[in-house]
Amino acid sequence: MAGRYCSLAQASAPVFAPGLTAERLSALRGGRRMWVNGTVLHYYFFDGDTDGSVIPVPGTAETRRVSWAGAKDQQDVVRECFREWQDLGIGLTFTEVDDRPEAELRIGFQFGDGSWSTVGRDALRVGRNERTMNFGWDLTAPGERGTALHEIGHALGMLHEHQSPFAGIHWDDEAVYAELAGPPNFWSRDRTFFNILRKLDPDEVNGSVWDPLSIMEYPFPSGLILEPEQFRGGLNPPGALSALDKEFVLRWYPPAGVPQPPALVPFRSAPLGLRPGEQADFVVEPPETREYTVGTFGDSDTVVVVFEERDGEPRYLTGQDDAGTSGNATVKARLVKGRRYFVRVRLYSSWGPGETAVMCW
(Lines give C-alpha, C1' and ligand atoms only; values in the text may rest on other atoms or scores of the structure.)
Protein backbone atom coordinates (compact mmCIF):
# COMPACT_ATOMS: atom_id res chain seq x y z
CA MET A 1 0.00 0.00 0.00
CA ALA A 2 1.28 3.46 -0.90
CA GLY A 3 2.24 5.89 1.81
CA ARG A 4 0.58 9.23 2.35
CA TYR A 5 2.23 11.64 -0.01
CA CYS A 6 2.86 15.36 -0.19
CA SER A 7 0.76 16.95 -2.92
CA LEU A 8 2.06 20.18 -4.41
CA ALA A 9 -0.45 22.52 -5.98
CA GLN A 10 -0.54 22.22 -9.75
CA ALA A 11 0.80 25.33 -11.43
CA SER A 12 1.62 26.31 -14.98
CA ALA A 13 5.24 26.52 -16.00
CA PRO A 14 6.80 29.99 -15.81
CA VAL A 15 6.89 31.99 -19.03
CA PHE A 16 10.18 33.69 -19.81
CA ALA A 17 10.89 36.29 -22.46
CA PRO A 18 11.64 34.80 -25.91
CA GLY A 19 15.17 34.69 -27.22
CA LEU A 20 16.96 34.01 -23.92
CA THR A 21 20.19 32.07 -24.12
CA ALA A 22 20.37 28.58 -22.66
CA GLU A 23 22.64 29.89 -19.89
CA ARG A 24 20.15 32.56 -18.82
CA LEU A 25 17.23 30.12 -18.88
CA SER A 26 19.19 27.61 -16.81
CA ALA A 27 20.03 30.20 -14.16
CA LEU A 28 16.47 31.52 -13.98
CA ARG A 29 14.85 28.10 -13.71
CA GLY A 30 17.29 27.03 -11.03
CA GLY A 31 17.05 30.10 -8.82
CA ARG A 32 13.64 31.69 -9.32
CA ARG A 33 12.06 30.13 -6.21
CA MET A 34 15.06 30.46 -3.89
CA TRP A 35 15.17 33.06 -1.09
CA VAL A 36 17.98 35.57 -0.94
CA ASN A 37 20.49 34.49 1.67
CA GLY A 38 20.20 36.20 5.03
CA THR A 39 16.38 36.15 4.95
CA VAL A 40 14.59 35.66 8.27
CA LEU A 41 11.59 33.45 7.56
CA HIS A 42 8.85 34.01 10.11
CA TYR A 43 6.40 31.17 10.58
CA TYR A 44 2.94 31.26 12.15
CA PHE A 45 0.65 28.47 13.33
CA PHE A 46 -3.02 29.10 12.62
CA ASP A 47 -5.09 29.19 15.79
CA GLY A 48 -8.70 29.80 16.76
CA ASP A 49 -12.14 29.05 15.37
CA THR A 50 -11.98 31.80 12.73
CA ASP A 51 -8.95 30.27 10.99
CA GLY A 52 -9.88 27.55 8.58
CA SER A 53 -11.64 26.59 5.40
CA VAL A 54 -15.37 26.39 4.68
CA ILE A 55 -16.49 23.04 3.26
CA PRO A 56 -19.94 21.74 2.23
CA VAL A 57 -21.88 19.37 4.48
CA PRO A 58 -22.65 16.26 2.38
CA GLY A 59 -26.31 15.83 1.52
CA THR A 60 -27.27 19.37 2.55
CA ALA A 61 -27.00 22.92 1.28
CA GLU A 62 -25.11 23.89 4.43
CA THR A 63 -21.41 24.48 5.02
CA ARG A 64 -19.17 24.17 8.02
CA ARG A 65 -15.82 25.61 9.00
CA VAL A 66 -12.85 23.29 9.46
CA SER A 67 -10.20 24.73 11.75
CA TRP A 68 -6.57 24.97 10.66
CA ALA A 69 -5.37 25.01 14.27
CA GLY A 70 -3.03 22.24 15.39
CA ALA A 71 -2.42 20.67 18.78
CA LYS A 72 0.78 21.57 20.61
CA ASP A 73 2.33 18.15 20.03
CA GLN A 74 1.86 18.57 16.27
CA GLN A 75 3.30 22.09 16.34
CA ASP A 76 6.27 20.89 18.40
CA VAL A 77 7.26 18.39 15.71
CA VAL A 78 7.33 21.21 13.15
CA ARG A 79 9.32 23.45 15.51
CA GLU A 80 11.88 20.68 16.01
CA CYS A 81 12.22 20.22 12.25
CA PHE A 82 12.73 23.94 11.65
CA ARG A 83 15.53 23.76 14.23
CA GLU A 84 17.07 20.74 12.51
CA TRP A 85 17.31 22.60 9.20
CA GLN A 86 18.55 25.71 11.03
CA ASP A 87 21.22 23.78 12.93
CA LEU A 88 22.92 22.87 9.65
CA GLY A 89 24.31 26.42 9.81
CA ILE A 90 22.39 27.72 6.81
CA GLY A 91 22.24 31.45 6.09
CA LEU A 92 18.47 31.57 6.63
CA THR A 93 16.81 31.98 10.04
CA PHE A 94 13.44 30.62 11.14
CA THR A 95 11.52 32.60 13.76
CA GLU A 96 8.07 31.79 15.12
CA VAL A 97 5.65 34.71 15.40
CA ASP A 98 2.10 34.97 16.77
CA ASP A 99 1.06 37.78 14.40
CA ARG A 100 -0.14 36.34 11.09
CA PRO A 101 0.64 39.38 8.87
CA GLU A 102 4.27 39.21 10.02
CA ALA A 103 4.73 35.66 8.72
CA GLU A 104 6.01 34.59 5.33
CA LEU A 105 5.15 30.96 6.20
CA ARG A 106 1.67 30.23 7.61
CA ILE A 107 1.06 26.69 8.78
CA GLY A 108 -2.22 24.84 9.15
CA PHE A 109 -3.18 21.39 10.39
CA GLN A 110 -6.26 20.35 8.44
CA PHE A 111 -6.46 16.58 8.57
CA GLY A 112 -7.79 15.12 5.34
CA ASP A 113 -6.45 18.00 3.23
CA GLY A 114 -3.10 16.35 2.62
CA SER A 115 0.37 17.57 3.49
CA TRP A 116 1.81 20.22 1.19
CA SER A 117 3.74 23.47 1.00
CA THR A 118 4.41 26.27 -1.40
CA VAL A 119 7.92 26.14 -2.85
CA GLY A 120 10.40 28.83 -1.77
CA ARG A 121 9.44 32.40 -2.65
CA ASP A 122 6.11 31.24 -4.07
CA ALA A 123 4.90 31.71 -0.47
CA LEU A 124 4.95 35.46 -1.07
CA ARG A 125 2.19 35.09 -3.68
CA VAL A 126 -0.25 33.62 -1.16
CA GLY A 127 -2.79 35.85 0.62
CA ARG A 128 -2.00 36.71 4.24
CA ASN A 129 -5.08 34.86 5.49
CA GLU A 130 -4.20 31.67 3.62
CA ARG A 131 -1.92 28.74 4.38
CA THR A 132 1.44 28.32 2.73
CA MET A 133 1.88 24.89 4.37
CA ASN A 134 -0.50 22.23 5.68
CA PHE A 135 -0.11 18.98 7.56
CA GLY A 136 -2.89 16.51 6.88
CA TRP A 137 -2.04 13.65 9.27
CA ASP A 138 -0.55 12.93 12.69
CA LEU A 139 3.10 14.00 12.73
CA THR A 140 3.70 12.22 16.05
CA ALA A 141 2.93 8.79 14.54
CA PRO A 142 5.95 6.53 13.94
CA GLY A 143 7.85 7.51 10.80
CA GLU A 144 5.89 10.71 10.16
CA ARG A 145 8.42 13.26 11.46
CA GLY A 146 9.98 13.19 8.02
CA THR A 147 6.82 14.79 6.62
CA ALA A 148 7.63 18.01 8.48
CA LEU A 149 11.26 17.95 7.29
CA HIS A 150 10.00 17.36 3.75
CA GLU A 151 7.53 20.27 3.72
CA ILE A 152 10.13 22.64 5.17
CA GLY A 153 12.42 21.47 2.36
CA HIS A 154 9.78 22.70 -0.09
CA ALA A 155 9.60 26.02 1.80
CA LEU A 156 13.37 26.32 1.26
CA GLY A 157 12.89 25.87 -2.49
CA MET A 158 13.46 22.13 -2.92
CA LEU A 159 11.37 19.92 -5.23
CA HIS A 160 10.52 16.22 -5.31
CA GLU A 161 13.57 14.06 -5.82
CA HIS A 162 11.85 11.20 -7.67
CA GLN A 163 10.88 13.68 -10.41
CA SER A 164 14.51 14.41 -11.18
CA PRO A 165 15.39 13.62 -14.81
CA PHE A 166 18.69 12.27 -13.45
CA ALA A 167 16.89 9.51 -11.54
CA GLY A 168 16.41 7.34 -14.60
CA ILE A 169 13.18 5.96 -13.13
CA HIS A 170 11.04 3.97 -15.54
CA TRP A 171 7.57 3.75 -14.02
CA ASP A 172 4.77 1.31 -14.59
CA ASP A 173 2.49 4.29 -15.26
CA GLU A 174 -0.85 2.51 -14.95
CA ALA A 175 0.22 0.79 -11.74
CA VAL A 176 1.17 4.18 -10.30
CA TYR A 177 -2.17 5.71 -11.27
CA ALA A 178 -4.05 2.77 -9.75
CA GLU A 179 -2.03 2.84 -6.51
CA LEU A 180 -2.52 6.56 -5.92
CA ALA A 181 -6.22 6.45 -6.84
CA GLY A 182 -6.86 4.29 -3.79
CA PRO A 183 -6.47 4.92 -0.05
CA PRO A 184 -5.01 6.83 1.65
CA ASN A 185 -4.39 9.40 -1.13
CA PHE A 186 -7.38 9.12 -3.54
CA TRP A 187 -5.55 11.18 -6.16
CA SER A 188 -6.80 11.99 -9.63
CA ARG A 189 -4.69 11.04 -12.63
CA ASP A 190 -3.72 14.71 -13.11
CA ARG A 191 -2.50 15.02 -9.52
CA THR A 192 -0.55 11.77 -9.76
CA PHE A 193 1.10 12.85 -12.99
CA PHE A 194 2.02 16.28 -11.59
CA ASN A 195 3.49 14.98 -8.33
CA ILE A 196 5.07 11.69 -9.42
CA LEU A 197 5.33 10.87 -13.12
CA ARG A 198 6.13 14.34 -14.50
CA LYS A 199 9.84 14.96 -15.03
CA LEU A 200 11.28 18.27 -13.84
CA ASP A 201 13.54 20.42 -15.96
CA PRO A 202 17.20 19.55 -15.21
CA ASP A 203 17.77 23.14 -14.04
CA GLU A 204 15.01 22.94 -11.40
CA VAL A 205 16.13 19.89 -9.46
CA ASN A 206 18.03 19.74 -6.17
CA GLY A 207 21.30 18.56 -7.69
CA SER A 208 22.96 17.04 -10.74
CA VAL A 209 22.53 13.47 -9.46
CA TRP A 210 19.55 11.58 -8.08
CA ASP A 211 19.55 11.11 -4.32
CA PRO A 212 17.29 8.16 -3.34
CA LEU A 213 18.08 8.89 0.33
CA SER A 214 16.82 12.50 0.15
CA ILE A 215 14.14 13.81 2.50
CA MET A 216 12.49 15.03 -0.71
CA GLU A 217 12.16 11.46 -2.02
CA TYR A 218 8.88 9.57 -1.58
CA PRO A 219 8.81 5.94 -0.48
CA PHE A 220 7.22 3.60 -3.02
CA PRO A 221 5.96 0.04 -2.62
CA SER A 222 6.96 -2.78 -4.93
CA GLY A 223 5.48 -3.01 -8.39
CA LEU A 224 5.59 0.69 -9.35
CA ILE A 225 9.21 1.10 -10.50
CA LEU A 226 10.42 -1.01 -13.42
CA GLU A 227 13.91 0.49 -13.60
CA PRO A 228 16.42 0.86 -11.94
CA GLU A 229 16.14 -2.84 -11.21
CA GLN A 230 17.18 -2.57 -7.56
CA PHE A 231 14.01 -0.57 -6.80
CA ARG A 232 11.50 -2.97 -8.35
CA GLY A 233 10.85 -4.26 -4.86
CA GLY A 234 10.23 -0.79 -3.52
CA LEU A 235 12.04 2.42 -2.61
CA ASN A 236 12.35 3.24 1.08
CA PRO A 237 14.26 6.43 1.94
CA PRO A 238 15.06 6.82 5.66
CA GLY A 239 12.94 9.95 6.20
CA ALA A 240 15.89 12.03 7.36
CA LEU A 241 18.13 14.73 5.89
CA SER A 242 20.66 13.10 3.58
CA ALA A 243 24.23 14.24 2.97
CA LEU A 244 23.19 15.65 -0.43
CA ASP A 245 20.21 17.48 1.10
CA LYS A 246 22.61 19.22 3.46
CA GLU A 247 25.09 19.97 0.68
CA PHE A 248 22.39 21.49 -1.53
CA VAL A 249 20.88 23.76 1.10
CA LEU A 250 24.29 24.96 2.32
CA ARG A 251 25.32 25.73 -1.25
CA TRP A 252 22.25 27.93 -1.76
CA TYR A 253 22.23 29.38 1.75
CA PRO A 254 25.83 29.47 2.99
CA PRO A 255 26.52 30.68 6.54
CA ALA A 256 26.64 34.47 6.77
CA GLY A 257 30.28 35.58 6.57
CA VAL A 258 30.03 39.38 6.78
CA PRO A 259 28.61 40.67 10.10
CA GLN A 260 28.17 44.25 8.84
CA PRO A 261 27.40 44.77 5.15
CA PRO A 262 28.74 47.89 3.41
CA ALA A 263 26.56 51.00 3.17
CA LEU A 264 24.56 51.72 0.06
CA VAL A 265 24.60 55.51 -0.07
CA PRO A 266 21.78 57.22 -2.01
CA PHE A 267 22.78 58.34 -5.53
CA ARG A 268 26.06 56.43 -5.40
CA SER A 269 26.28 53.18 -7.37
CA ALA A 270 27.96 50.13 -5.86
CA PRO A 271 29.61 47.62 -8.22
CA LEU A 272 28.43 44.06 -7.71
CA GLY A 273 31.18 41.90 -9.19
CA LEU A 274 29.15 38.73 -8.68
CA ARG A 275 29.31 35.35 -10.34
CA PRO A 276 26.08 33.45 -11.08
CA GLY A 277 24.45 32.32 -7.84
CA GLU A 278 26.37 34.80 -5.68
CA GLN A 279 24.86 37.56 -3.56
CA ALA A 280 25.79 41.05 -2.37
CA ASP A 281 24.34 42.62 0.79
CA PHE A 282 24.14 46.31 1.72
CA VAL A 283 22.78 48.44 4.54
CA VAL A 284 20.80 51.64 3.89
CA GLU A 285 20.28 54.35 6.49
CA PRO A 286 18.10 56.92 4.69
CA PRO A 287 19.01 60.59 5.27
CA GLU A 288 15.34 61.60 4.94
CA THR A 289 11.91 59.96 4.97
CA ARG A 290 10.54 59.53 1.44
CA GLU A 291 9.96 57.00 -1.30
CA TYR A 292 13.22 55.57 -2.63
CA THR A 293 14.01 53.45 -5.65
CA VAL A 294 16.50 50.59 -5.45
CA GLY A 295 17.62 49.02 -8.70
CA THR A 296 20.37 47.23 -10.58
CA PHE A 297 22.18 48.31 -13.72
CA GLY A 298 24.00 46.40 -16.43
CA ASP A 299 23.34 43.29 -18.47
CA SER A 300 22.20 40.92 -15.74
CA ASP A 301 19.31 38.89 -14.33
CA THR A 302 18.93 39.55 -10.63
CA VAL A 303 16.53 39.47 -7.72
CA VAL A 304 16.55 42.53 -5.42
CA VAL A 305 14.98 42.39 -1.96
CA VAL A 306 14.65 45.18 0.63
CA PHE A 307 14.28 44.40 4.33
CA GLU A 308 13.49 46.74 7.21
CA GLU A 309 15.21 46.13 10.53
CA ARG A 310 12.64 45.67 13.29
CA ASP A 311 13.30 44.32 16.77
CA GLY A 312 16.87 43.58 15.72
CA GLU A 313 16.09 41.42 12.69
CA PRO A 314 15.36 42.04 9.00
CA ARG A 315 11.68 41.96 8.00
CA TYR A 316 10.77 41.50 4.34
CA LEU A 317 9.58 44.80 2.88
CA THR A 318 9.53 44.38 -0.89
CA GLY A 319 11.36 42.63 -3.69
CA GLN A 320 11.52 42.27 -7.45
CA ASP A 321 12.84 39.68 -9.86
CA ASP A 322 13.57 40.82 -13.41
CA ALA A 323 13.16 37.17 -14.46
CA GLY A 324 14.88 37.25 -17.83
CA THR A 325 13.44 40.52 -19.07
CA SER A 326 15.45 43.12 -20.96
CA GLY A 327 15.16 45.52 -18.00
CA ASN A 328 16.70 45.42 -14.56
CA ALA A 329 15.21 44.61 -11.16
CA THR A 330 13.83 47.81 -9.60
CA VAL A 331 11.75 48.31 -6.46
CA LYS A 332 10.19 51.33 -4.76
CA ALA A 333 9.74 51.59 -1.00
CA ARG A 334 9.08 54.27 1.59
CA LEU A 335 12.15 54.41 3.82
CA VAL A 336 12.06 56.24 7.16
CA LYS A 337 14.91 58.34 8.52
CA GLY A 338 16.38 56.82 11.67
CA ARG A 339 15.63 53.23 10.64
CA ARG A 340 17.97 50.68 9.05
CA TYR A 341 17.26 48.77 5.87
CA PHE A 342 19.05 45.92 4.12
CA VAL A 343 19.31 45.46 0.37
CA ARG A 344 20.20 41.98 -0.87
CA VAL A 345 20.98 41.34 -4.55
CA ARG A 346 21.37 37.82 -5.94
CA LEU A 347 22.68 37.29 -9.45
CA TYR A 348 21.21 34.66 -11.74
CA SER A 349 23.34 35.42 -14.79
CA SER A 350 25.14 38.27 -16.54
CA TRP A 351 26.36 38.99 -20.06
CA GLY A 352 27.88 41.83 -22.04
CA PRO A 353 31.11 43.77 -21.42
CA GLY A 354 29.84 46.22 -18.77
CA GLU A 355 29.89 45.64 -15.04
CA THR A 356 26.71 45.33 -13.00
CA ALA A 357 25.88 47.67 -10.13
CA VAL A 358 23.14 48.56 -7.66
CA MET A 359 21.98 52.02 -6.61
CA CYS A 360 19.51 53.61 -4.22
CA TRP A 361 18.05 56.97 -5.19
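Which residue forms a salt bridge with glutamate 288? Hi everyone, that is my way into this model, which is a predicted one. The partner is arginine 290, and the closest N and O atoms of the two lie 3.5 Å apart. Both ends are partly exposed: glutamate 288 has a relative accessible area of 42%, and arginine 290 has 22%.

Let's stay with salt bridges for a moment. The count for the model comes to 25. One of them brings together the side chains of glutamate 102 and arginine 315, at 2.3 Å from N to O. This pair ties distant parts of the chain, 213 residues apart: glutamate 102 sits in the loop between β4 and β5, while arginine 315 belongs to strand β14. Arginine 315 counts as buried because its relative accessible area, 10%, is under 20%. Glutamate 102, at 22%, is partly exposed.

Glutamate 174 is partly exposed at 48%, and so is arginine 189 at 46%.

Several elements each give at least two lining residues, among them α1, α5 and β13. And strand β14, the one with arginine 315, supplies the largest share of that lining, four residues. Thanks, everyone!

Notes: Residues are numbered from 1 along each chain as its sequence is written. This is a predicted model: local features need pLDDT of at least 70, side-chain atom pairs count only at pLDDT 80 or more; totals for chains, interfaces and linings use all residues. Side-chain values use heavy atoms; hydrogens and water are left out. A salt bridge is a side-chain nitrogen of Lys or Arg within 4 Å of a carboxyl oxygen of Asp or Glu. Buried means under 20% relative accessible area, exposed over 50%, partly exposed in between (1.4 Å probe, protein chains only).
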